Amino acid sequence: MSSQENVFKGIKVVELATYVAAPCAGRYFADLGASVIKIEGFGGDPLRTTAPSEGRPSDPYEDTTWDLENAGKKGIALNLKDQAGKDVLFKMLDEADIFITNWRSDALIRAGLDYDTLKVNYPKLVYAQLTGYGEMGPDKDLPGFDFTAFFARGGWLGTLYEKGSDPMNLVAGLGDHQAGLYLSAGIMSSLYKAEKTGQGEKVTVSLYHCAIYALGLLVQSAQYGTRYPINKRDMLNPFMNAFKTSDERLIQLAMPPYNVFFPKFMEIIGKLELKDDPKYCHFENLGDNSKYIYDLVNDYMETKTVAEHKEIFVKEDIPFAIAQLWEEILEDEQAWANDFLCSLKYDNGNTRTLLRQPIKFKEMGLPEYTRGPYIGEHSQEVLMELGYNDEEISALKEKKIFVEWNDIKNK
């Protein structure tokens, strides 16, 4: 066991959440040694059913998406519609430091699991809620996914594509992961407050807010007339574009200090006569001449392969990156060298590449990557830890207050 796994040892987290964003926060605390108990219904978190849309096999014994969000947690499957099931949850909260949920506010109120109700009996509890659109306003109770609350409402889908073309293809998890790690930061601040003052806190993060915060530079600039989507040739700085190579790959350039890089790049493309031309060498005077520079760069990029450009740009210290495909990321030497990726051997015998959360510690080392729980895998274990005896556990099972993985897998 690495020292990282002991950082939050003794901290108890109860997670009543589905899909990606809120469970991502629970995963953060599990990685750091907290005891995280994930509550699911008898049918399981819907995240368990997303394999077909992601091109993965539907195999409960090899669920890479599930493990990305739920590694290291214990799982209990509870019937929360029955008071006996709620009583189990309340017993968990008796010992919990953190409660994580992404249930909508109205549902939490109806279930008696809203912050104002729980803080009466659990005054030191850190209550963390992930929402789609925030707690207030006319749309507070709309269902929110990253496709809708983050990408669409948050200004990504309507702006970040080439003008005149179709919008980008969306992929699940991008907004969720940002929101989940923001929620983790809020939880840690609240946990510190609770330890210092004995008073709990409610921390909320919304997908919508995360989206507009991530786009904050441009959202704020829109006040001054900066409008997206735009054509690449209309970019204010022509060096901040992606260009095709002769072998049909894409390279993204990033040279925000235009004046610094202009003479250097003109040397690379063989346009020495432009290095000191006042129409082109000063960004302040560039104006519509930016289109001419874009065309020069675009024509040059189409003359060489991605490998040839890479050799030149590395040598000349030009900021760039090849637009990698996902399968290339899985083999990326840089990612493996920094432990961004890891391997996990599954119970079915397959070994797969998985991703670590993107926060690393020098002294504490890396957590061991383990799979997430099967539905109800730890139900009896959790109940025993809560103090239920064998007779009580049998009675709860008879009343269908909980189920175990063996009950489900043998159906």
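User: Which residues touch the most other members in the largest nonpolar core?
Analyst: Keep in mind this is a predicted model. In that core of 34 residues, the ones touching the most other members are Val13, Phe29, Ile98, Ile100, Leu130, Leu183 and Ile187.

User: Which elements give two or more residues to this core?
Analyst: Those are α1 (21-31), β4 (98-101), β5 (126-131), α7 (146-152), α8 (174-197), β6 (201-206) and α9 (207-214). With six residues, α1 gives the most.

User: And what does Ile187 touch?
Analyst: Leaving out residues up to four places away in sequence, Ile187 touches Ala25, Phe29, Ile98, Ile100, Val126, Ala128 and Val203.

User: OK, β4 then. Which way do its residues point?
Analyst: Ile98 and Ile100 point one way, while Phe99 and Thr101 point the other way, and all are buried.

User: What does β4 pair with, on the β1 side?
Analyst: β1 (residues 12-16) pairs with β4 in the parallel sense, over four bridges. Ile98 in β4 is the bridge partner of Val13.

User: How many bridges join β4 to β5?
Analyst: Four, and those two strands run parallel. There, Ala128 in β5 is the bridge partner of Ile100.

User: Switching to the surface: which residues form a nonpolar patch there?
Analyst: Leu160, Leu217, Leu218 and Tyr228, with about 380 Å² of accessible area together.

User: Where's Leu218, and is it buried or partly exposed?
Analyst: Leu218 is in helix α10 (residues 216-221). Leu218 has a relative accessible area of 39%, so it counts as partly exposed. Buried would mean under 20%.

Key: Residues are numbered from 1 along each chain as its sequence is written. This is a predicted model: local features need pLDDT of at least 70, side-chain atom pairs count only at pLDDT 80 or more; totals for chains, interfaces and linings use all residues. Side-chain values use heavy atoms; hydrogens and water are left out. A nonpolar core is a set of buried Ala, Val, Leu, Ile, Met, Phe, Trp, Tyr and Cys residues joined through side-chain atoms within 4.5 Å. Buried means under 20% relative accessible area, exposed over 50%, partly exposed in between (1.4 Å probe, protein chains only). Contact means heavy atoms within 4.5 Å. Patches are made of residues with over 30% relative accessible area and no salt bridge: like charges are joined within 9 Å, nonpolar side chains (Val, Leu, Ile, Met, Phe, Trp, Tyr) within 5 Å. Accessible areas come from the Shrake-Rupley method with a 1.4 Å probe; for residues, only the protein chains shown count as cover. A salt bridge is a side-chain nitrogen of Lys or Arg within 4 Å of a carboxyl oxygen of Asp or Glu. Two strands pair if DSSP finds at least two bridges between them.
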